[in-house]
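Subject: Handing over a structure, with notes

Dear colleague,

I am passing the structure below on to you, and I would be grateful if you kept it open while reading the notes that follow it.

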Amino acid sequence: MRALLMCLYVGCQYQRNPPKLQPYIRLSKPAEILLGEGLASDEKLETMRAEIISRETIKPSSPNSQRCYKLSLLDKMSFRIHVPIIFFYLINDHNNYLIDFTYRSSLLKKSLSEALSRYYPLAGRIKDDGNIEFNDEGVDFFEAQVDCDLEGFLKRPELEALNLFVPGGNNQELNSALAVQITFFECGGMAVGASMSHKVGDFSTLITFIKDWAALTRHSGEEVLFPEFINTFLPPNDSLIVREYEVTKGDTVSVTRRFVFSATNLDKLKALATSHGVENPTRVQVAAALIYKCSLSASRLNAGSDQKPSFLLQMVNLRKIVVPPLPEKSFGNMVWYFTVSADTKESKVEFHSLVGQLKEGIARFRLAHRRSTFTGDELSSKICEFMKEADIFHSPVATNHMVTYSCTSWCRFPLYQVDFGWGKPIWVSSSTRWWNTNILMDTRNGDGIEALVTLGEQDMTVFEQDEEFLQFASVNPSALDTN
């Protein structure tokens, strides 16, 4: 059954029969989230109750001799936002619910402390001067319980509900560079949510940290090494004034929807692009191109004659592109973007044209930055070049004269390999709500793509009814399906 009304209660009353595990701590006022639009009239309405039962601080297991971590130049340019990720695990053991709750929570806290001793910047506090300060403050760690069945929730997941499984999602105040929340379901299943400041690192940084945290939790025996810190590769330069950019905010309410491209439909899209002369397009390129094309169609329909130039910013991981290449296990921001544009004079934007632009764009981007050593004067020159590009797309003046979309791919990251000791996740998602942004992730079997698309409310109304788009994408199918 789908949930229609979800209430967040923070207090002392636990709605199940088992005794309290520990005293509850009031963290915020109760909130309500209305869910389940489009529910069939004969379906029973249900209420899922969630309680945050504790909040504490986890400190590194080993003291850090450094009192300050200087952000790299790319760190300083990054948005002052948190990047959330949520892992859901099926653990069907009703009889040992209380034992497992306490045991798993204890394991996660201990291993998190050990992981923070290696990823020590995550335990600090970001200051206005662009540095991270260490005062043994640690990471915010939340525990929560919900009185619903995880499988029932996953049959048709409500995106609005994801905020309840990630730190800061219900307006909790986050003080640390990283915050963690573990949530236990009635069935014994659980969610592990983490939210990291983008000033500290990119998504690759977050996933690398979580992988190591999981390895320490399950006592895998593999050696967990310290990461390579990018601020040694892109050293701070106090003589270079680096601007901090803000996430673009639209002038209307934004809406996020989940769509899934099956492997079969991705193959159809690739074949369609190939038939128009685009050689060997990737899954990500065809999915990103179709989303951009249909987003543009929705925007133009709503804008009428008041059409603005449009650009797609495609994010790229620089780690394997720069000279010398950086290891995947490198800590910090190491992403930038190239652009794809659509001509406002064209009455219709062609899908294959956008796929071709994405393919050519990444090839040019790699060629341009493969020659970059990112050292000395060339580093300062490259950062200045990046800032000029960012000024075009993120300045207040620019946002009034163009429509900008962004696409970031989390595909090929080992999201479904994150095993804390109780198996691999049944589903991985995010509660991100960034204006005109789409995030692409692998489906659980690795062949399909899940897309989280955020648009203005009016544009989304048109977008989610686009017949061309719906030929290839399913609207919020069950997260229990493998593809």
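Helices (H or I, at least four residues) and strands (E, at least two) are DSSP runs, numbered from the N terminus. Please bear in mind that this is a predicted model, in which local features need pLDDT of at least 70 and side-chain atom pairs count only at pLDDT 80 or more, while totals for chains, interfaces and linings use all residues. Residues are numbered from 1 along each chain as its sequence is written, and side-chain values use heavy atoms, with hydrogens and water left out.

**The chain as a whole**

The chain has 11 helices and 20 strands. Of its 483 residues, 55% are buried, where buried means under 20% relative accessible area, exposed means over 50%, and partly exposed lies in between (1.4 Å probe, protein chains only). Among the contacts in the chain with a separation of 6 or more, 80% are between residues 24 or more positions apart, a contact being heavy atoms within 4.5 Å.

The crossing of helix 6 with helix 7 is right-handed; a crossing is left-handed if the near helix is turned anticlockwise from the far one by less than a right angle, and right-handed if clockwise. From helix 6, Gln285, Val286, Ala288, Ala289, Leu290, Tyr292 and Lys293 take part, and they meet Phe351, Leu354, Val355, Leu358, Lys359 and Ile362 of helix 7. The residues of this contact comprise 10 nonpolar, one polar and two charged.

Strands of a sheet pair through backbone hydrogen bonds, either parallel or antiparallel; here two strands are said to pair if DSSP finds at least two bridges between them. Strand 10 (residues 190–197) is mostly covered, with eight of its eight residues buried: Met190, Val192, Ala194 and Met196 point one way, and Ala191, Gly193, Ser195 and Ser197 the other. Strand 10 pairs with strand 5 (residues 82–89) in the antiparallel sense over eight bridges, and Ile85 stands opposite Ala194 there. Strand 10 is also antiparallel to strand 9 (residues 178–184), over seven bridges, with Phe184 opposite Met190. Strands 9 and 10 form a hairpin with five residues between them, and Gly188 in the turn has a positive phi of about 100 degrees.

Strand 9 in turn pairs with strand 8 in the parallel sense over six bridges, and Phe142 stands opposite Gln181 in strand 9. Strand 8 (residues 139–146) is mostly covered too, with eight of its eight residues buried.

Seven strands form an open sheet of mixed pairing in the order 15-13-16-18-19-12-20. Strand 15 (335–342) and strand 20 (474–475) stand at its edges with a single partner strand each, so one side of each is left without a neighbour in the sheet. Within it, eight bridges join strand 12 (residues 254–261) to strand 19 (residues 449–456), which run antiparallel, and Phe259 stands opposite Ala451. Strand 16 (residues 403–409) holds Ser406, which counts as buried at 18% relative accessibility.

Three further strands form an open antiparallel sheet in the order 4-7-6.

With best wishes

Notes:
Nonpolar A, V, L, I, M, F, W, Y, C, P; charged D, E, K, R; others polar.
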